[in-house]
Amino acid sequence: MTKTAFITGANGISGSALVEHLCNTTTPDDWSSIIVTSRSAFKPPPTVTDPRITFVALDFLHDVPSLVKQMQEVCRPVTHAYFCSYLHKDDFSEAYAANTALFEHFLVALDQTAPHLQNVTLQTGGKYYNLHVEPVPSPARENDPRRHGPLQNFYFPQEGLLAQMSQRSGGYSGSVSSHDDKAKPARWSWNVVRPQAIIGANAHPLGLNVGLTMAVYFLICRELGTEAPMPTNRRYWEGADDATYAPLIADLAVFVSTRRECANEAFNVTNGDTFCWRRMWPRIAASLGARADSEQGFERPAPEEGGELQLDGWGFGEWCRDKRAVWDELCERQGLPGAKATFDLAGWDIGDFLFRRTWSATLGMDKARRYGWTGHIDSYEAFTRTFIKFRELGLIPE
């Protein structure tokens, strides 16, 4: 039986990577159609020209009856749904409310409009482990107990609702107690994929792509002929980190969602390596012609692990204030005036948010390996491939 995919957040980094993965690695005999949705017009990757794609504009903040009306025809053939949507809010309480509602409306409406549904895969992330708030046991593993810090974590209600709705779809999913012999198997199964620090290129960045932040920063430093230090603190600079290339997220999501043995499980997904920014930052800078020193200086000593979030003296948000003219001139000289707009999409604040941690945190990949997934990429290569893709999309000059 052929499958039909339903991908939300199709303009985002993960959603667009999933569209590209299905279009470039599958045939109509396996996946007969690919339904994509976003709130704004769909901008497919340049490598994607596939007649299987159908676009429908949906806003999952709308109420369920309205969504059911919009989805009841288009979602009828859906067998596999992939939720990659996310609403960014600077205020964590607002982000919690918005993203909890976003997923609930999507899932309830989908359950009512997709009679052939087999699996729903939700993308959450490393923040599930609260590693953005405090030091956590590292590498973090899928069966670690939930950590309830000072900030609400919307991944918890999202993952909880997913498992509950799957159970209600036919009785129970996963293990069933021996005394409940009348329980029916769930109509559809679920999966969760949890990436860490996503690296990837999409045509509609919306200021949430740290790879783009870095690319614009390095190119401006190259243009100015200045050093390109990393805005961070000594502890994070010298610690261990990992990241996830967006095409790997897509590959794992399809892998687990189409294998019975992977049903009703959560999986971390990273590139499979770890690195130290002290060594990685200068290499990435050099790939774009900029200069960075592995022995960059810091005004302060290394903060205590888990201490107050800290940027050592400066951040991207401050640095970028007087650099627009430099970027505009670079784009004009290279005949790419359309890339001027990238300056406002570079997400300067997101870089400062990520690099101010005073602790290391990585995700364990043992579980995905035990289930047979072998995806892997060197993180340096993930960055350089992403920069090439930015150029192909016209977001940055040569």
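Both β6 (189-195) and α7 contribute at least two residues each to the lining of the second largest pocket. Helices here are DSSP runs of H or I with at least four residues, strands are runs of E with at least two, and both are numbered from the N terminus. The model is a predicted one, so local features need pLDDT of at least 70 and side-chain atom pairs count only at pLDDT 80 or more, while totals for chains, interfaces and linings use all residues. Residue numbers start from 1 along each chain as its sequence is written, and side-chain values use heavy atoms, leaving out hydrogens and water.

The second largest pocket comes out at about 380 Å³. Its lining runs to 17 residues, with Gln118, Ser189, Ser257, Arg260 and Ala263 nearest the centre. Sorted by class, those lining residues are six nonpolar, seven polar and four charged. For the classes, Ala, Val, Leu, Ile, Met, Phe, Trp, Tyr, Cys and Pro are taken as nonpolar, Asp, Glu, Lys and Arg as charged, and the others, Gly among them, as polar. As for the geometry, a 1 Å grid is laid over the protein atoms alone; a pocket is an open set of points with protein on both sides within 12 Å along at least five of seven lines, a cavity is a set where a 1.4 Å probe fits but cannot get out, and lining residues have an atom within 4 Å of a point. Points are joined across faces, edges and corners, and a volume is the space filled by probe spheres set on them.

Ala263, one of the residues nearest the pocket centre, sits in the loop between α7 (246-257) and β9 (265-269). With a relative accessible area of 22%, Ala263 is partly exposed, a label that falls between buried (under 20%) and exposed (over 50%), using a 1.4 Å probe and protein chains only. Leaving aside residues up to four places away in sequence, Ala263 touches Ser189, Trp190 and Asn191, where contact means heavy atoms within 4.5 Å. Ala263 and Leu248 are separated by 15 residues in sequence and by 19 Å in space, C-alpha to C-alpha.

Rolling a probe the size of a water molecule over the atoms shows where empty space is left. Across the whole structure, two cavities of 30 Å³ or more turn up. The largest cavity has a volume of about 70 Å³, and α1 (13-25), β5 and α7 each give at least two residues to its lining. Among the residues lining the largest cavity are Ser14, Leu18, Tyr82, Cys84 and Thr121. That lining splits into eight nonpolar and three polar residues, with no charged ones. The second largest cavity is about 40 Å³, and its lining includes Pro44, Pro45 and Pro46 along with Lys43 and Lys389. Here the class count is six nonpolar, two polar and two charged.

On the electrostatic side, the whole structure holds 17 salt bridges, each being a side-chain nitrogen of Lys or Arg within 4 Å of a carboxyl oxygen of Asp or Glu. Arg147 and Glu134 make one of these, at 3.5 Å from N to O. Both partners lie in the loop between β5 (119-123) and α4 (155-168), 13 residues apart. Arg147 is partly exposed at 29% relative accessible area, and Glu134 is partly exposed at 22%.

Another salt bridge joins Arg324 to Asp344, with an N to O distance of 2.4 Å. Arg324 is partly exposed at 35% relative accessibility, whereas Asp344 is exposed at 52%. Glu332 also pairs up with Lys340, their closest N and O atoms being 2.5 Å apart. Glu332 is partly exposed at 45%, as is Lys340 at 25%.

Zooming out, the protein chain has 14 helices and nine strands. Its radius of gyration is 22 Å, close to the 21 Å that the globule rule gives for 398 residues, so the chain is as compact as a globular protein of that length. The radius is taken over C-alpha atoms, and the rule is 2.2 Å times the number of residues to the power 0.38. The C-alpha trace spans about 70 × 45 × 35 Å along its principal axes. Buried residues make up 54% of the 398. Of the contacts with a separation of 6 or more, 78% come from residues 24 or more positions apart.
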